[in-house]
Amino acid sequence: MGLDATVRCRCFEEGKLKPGPVPVEDLYVDEEGYLSSRTLDEAYREYDTRRFYARYDRLERAFDEWMRDCCEHEDGEYCSEWVSNWAGCAQFVALVREVGGEVRFPLLSKLLPDGNGGIYPAEKARATLVELDAFIEAVSNTDQWPFPDREPESVLSEGKYWTAERIRKLLVASIATGNPIRWC
C-alpha cells in the first residue's frame with residue numbers, strides 16, 4: 001500500500017467534454033476536486049441506499065462509465081502518479097526534516113498527507129516546486145551534505161529522489177492546469 005496522486009485535466013473548464021448521461025449544467029467540481037453530478041449527489045443525500053439504487057442505479061453506472069473517457073484524458077486525469085509506498089513517503093518526509101525541515105521547507109514539509117485522501121492546493125504548487133528544487137540541491141550537494149556517515153548517492157538511490165521526481169510531475173501538472181493534487 002502507498003500513496004497515489006492525480007491532477008484533473010481542464011477539459012471541463014474548457015468545454016471539451018463529450019456529451020454524457022447528464023447535461024453539462026448538472027456537472028460541477030466537488031470539494032475533493034472530482035467532476036460530479038449535482039443530480040446524483042443530491043439524490044444520494046436525499047435517499048437511503050436502497051431507494052437511491054432503485055431510482056438512480058442506471059444513471060450512476062452510465063455516469064461512471066462516461067467519466068472513464070469523457071475527454072481525451074483517461075479518467076479525466078492530466079497526471080497520475082504513484083508517489084511511493086508509505087515507508088518511502090515517511091523516509092522522504094524524514095529527509096526533508098533532516099536537511100532543514102519546516103524552517104527551510106515550510107511547504108514541502110506539509111505536502112504529503114498522513115493517509116489517503118485530501119488535496120494539495122494548486123495555489124501552493126509553484127512555491128512548493130521551488131522548495132523541492134532547493135531540497136534536491138541540498139541532498140545532492142556534497143559540499144553541504146549534513147550526514148558525515150552517509151554518502152549522498154546512497155540516500156538518493158534509496159528512493160527519495162524518485163519520490164521527489166514523482167512529486168515534481170504532480171506539482172508541474174498542478175501549475176499547468178490550475179487544479180489541485182488529489183491524494184488517493
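Predicted model: local features only at pLDDT ≥ 70, side-chain atom pairs only at ≥ 80, totals over all residues.
Turning to the chain as a whole, it has 184 residues, of which 41% count as buried. There are six helices and six strands in the protein chain, and if you read the elements from the N terminus on, they run β-β-β-α-α-β-α-α-β-α-α-β. As for the contacts in the chain, if we take those between residues at least 6 apart in sequence, 71% of them join residues at least 24 apart.

Now to one pair of helices. Two packed helices are described by the angle between their axes and by the distance between those axes. Here helix α1 covers residues 38–46 and helix α2 covers residues 49–68, and the two pack at an angle of about 150 degrees, with their axes 11 Å apart. Angles over 145 degrees count as roughly antiparallel, and α1 and α2 are therefore roughly antiparallel to each other. The crossing in which α1 passes α2 is left-handed.

Which residues meet where α1 touches α2? On the α1 side they are T39, L40, A43 and Y44, and these meet F52, Y56, L59, E60 and F63 in α2.

Definitions and conventions. Residues numbered from 1 in each chain as written. Heavy atoms only, no water. Axes fitted to C-alpha atoms, helices over the stretch in contact; angles between N-to-C directions. Helix = DSSP H or I, 4+ residues; strand = E, 2+ residues; numbered from the N terminus. Parallel < 35°, antiparallel > 145°, perpendicular 65-115°, else oblique. Left-handed = near helix turned anticlockwise from the far one by under 90°. Contact = heavy atoms within 4.5 Å. Buried < 20%, exposed > 50% of the residue type's maximum accessible area, 1.4 Å probe, protein only.
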